[in-house]
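These are my notebook entries on what I looked up in this structure, in the order in which I worked.

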Amino acid sequence: MHIARTGLGLAAATSVAALAATALTAAAPTAVPHTLAVPAAVGHTLVHGVSSPLTSEQCQTKWHINCYTPLQYRTAYDLNALYKTGITGKGRTIVIVDSYGSPTVQHDLDVYSKQFGLPSTKVKVVKWGHVPAFDPKNSDMTGWAGETTLDVEMAHAVAPAAKIVVVETAVSETEGTTGLPEMMDAEKYMVDHNVGDVISQSFGATENTFPGFAKGDFSSIKKLRYAFQDADRKHVTVLAASGDGGATDLQADGKTYYSKRVNSWPSSDPLVTSIGGTQLHLDDKGKRVKPDSVYNDYGSGGGGQSHVFTRPSYQNGVKSVVGTRRGTPDISMSAAVNGGAWVYSSFDPTATGWDVSGGTSEATPLFSGIVALADQAAGHRLGNIQKRLYALYSHHATGTGVVDVKDGTDNSYQGVTGYKAVKGYDLATGVGTVDAKPFVQALAKERP
């Protein structure tokens, strides 16, 4: 199975320090089918190892793409107005789960922050299981290290004062160990030990590739939901990338796309907020030169109907679009590679420098920062935000900060016809994207 990239509680400060020592002995829940995890950051980095970030105009000249800094994102998403009022994510913690992690994640975040004049933050690293020593010649490890770097820097770009916890899991193909069960075990442990307020997952596996799917037996997916059920009870927000395959996604070989519409988990889980992708069209100051469109260049924003989960009650207001099924995504952020984010990394000594990356695994940590801001504004965890999100959408008012994406572009990909971004909710961008200043305040105030 291919997995695509797509304020602290009182106990959290002390829990993190003890996690590395206790994680190895944490008991796993019920046995579940083995699933391979692969980050989708691989293949979604078009520019690699540049000595310093360039302007969008320079990127257009050199590579025929736009490339954006966190300063441009701050203008595009109306974040600066929040920062001026003290809403910076202070007192909140974002948990990022990635296999292997990156040995240089703190150094790289420091360089990234300094480059753009941002305060850096301490990244706490938790090793879940027997994480092997990092090998920069191992493409599996460097792929995940790239994902980890992207996740951390994008979350920090939006919520600069939020604390970040990176959970490294010990996936190893050569030993035949598995990805998703380890990730879910790790997430449950983080939730149970009150470590964070929002969990960002930049990975997903096509529902059709789970054991039993062809026979209508979805137990292999449903047995993996224990971390999300726990998070729901304890008011921790869980996010997942909707995928980079448009209305289709990868088969079990991790290389071949289905020739029909499919969906992926955990994005399709009703307990998870699914984050889709847009393409921003900005000038060098971060102002829009035209409205956002659907991410569809070197990948495409995932979206469609789940074949496993029926429509949750919070989507009853959009049943004319989703039908009887759970529809994804719920909301979208920047993900296009043409309009990708500058990211700094040094885990690979042969390619130290600045990259331009995209994908819904960029959009997801960006939105994790939005949730951290909203948690701070509310003064408490918002937990599962789905009811709040769709309630804001149903208001159809500009004051909610929900911004419709309706330019008619679509997420068709690999020959599979996708869905158009039209007025209202759609299966290309969900309810749309955000104007962060009103959205954060409205989300914090909306009663679930």
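This is a predicted model: local features need pLDDT of at least 70, side-chain atom pairs count only at pLDDT 80 or more; totals for chains, interfaces and linings use all residues.

Entry 1: A disulfide joins Cys59 to Cys67, with 1.8 Å from S to S, and the structure holds 1 disulfide. Which hand does the disulfide of Cys59 and Cys67 have? I read a torsion of about 95 degrees about the S-S bond, so the disulfide is right-handed.

**Entry 2: the whole chain.** I noted 13 helices and 18 strands in the protein, and I recorded that 62% of its 448 residues count as buried. The protein exposes about 16,000 Å², of which carbon and sulfur atoms supply 52%.

**Entry 3: strand β3.** For the neighbours of β3, I looked up strand β5 (residues 163-169), which runs parallel to β3 and is joined to it by 7 bridges, and strand β6 (residues 198-201), which pairs with β3 in the parallel sense over 3 bridges. I followed Val95 into both partners: Val95 stands opposite Val165 in β5, and its bridge partner in β6 is Ile199.

**Entry 4: helix α7.** Helix α7 covers residues 180-192, and I noted that its 13 residues reach 18 Å from the first C-alpha to the last, close to the 18 Å expected at 1.5 Å a residue. Why do I call α7 largely enclosed by the rest of the structure? I do so because 11 of its 13 residues are buried, among them Leu180, Pro181, Met183, Met184 and Tyr189, and also the acidic Glu182, Asp185 and Glu187. After the helix comes Asn194, for which I noted a positive phi, near 55 degrees.

**Entry 5: aromatic pairs.** I searched the whole structure and found 16 aromatic pairs. For Trp128 and Tyr189 I read ring centres 5.4 Å apart and planes at 55 degrees, so this pair is tilted. Trp128 lies in strand β4 (residues 123-128) and Tyr189 in helix α7, so the pair ties together parts that are 61 residues apart in sequence. Both Trp128 and Tyr189 are buried.

I then looked up Tyr390 and Tyr425, which form a tilted aromatic pair at 6.1 Å centre to centre, with 45 degrees between the planes. Tyr390 lies in helix α12 (residues 386-395) and Tyr425 in the loop between β17 (402-403) and β18 (433-434), so this pair ties together parts that are 35 residues apart in sequence. With 6% relative accessibility Tyr390 counts as buried, and Tyr425 is buried with a relative accessible area of 3%.

I also wrote down a cluster in which ring pairs link Tyr112, Phe116, Tyr344 and Trp354.

**Entry 6: a charge over a ring.** Last, I asked which residue lies over the face of Tyr77. I found Arg288 there, at 5.8 Å from the ring centre.

Key: Residues are numbered from 1 along each chain as its sequence is written. Side-chain values use heavy atoms; hydrogens and water are left out. Helices (H or I, at least four residues) and strands (E, at least two) are DSSP runs, numbered from the N terminus. The expected span of a helix is 1.5 Å times one less than its number of residues. Buried means under 20% relative accessible area, exposed over 50%, partly exposed in between (1.4 Å probe, protein chains only). A disulfide is a pair of cysteine sulfur atoms within 2.5 Å. Rings of Phe, Tyr and Trp (its six-membered ring) pair if their centres lie within 6.5 Å; planes under 30 degrees apart count as stacked, over 60 as edge-to-face and the rest as tilted. A charge sits over a ring if NZ of Lys or CZ of Arg is within 6 Å of the ring centre and within 35 degrees of the ring normal. Accessible areas come from the Shrake-Rupley method with a 1.4 Å probe; for residues, only the protein chains shown count as cover. Two strands pair if DSSP finds at least two bridges between them.
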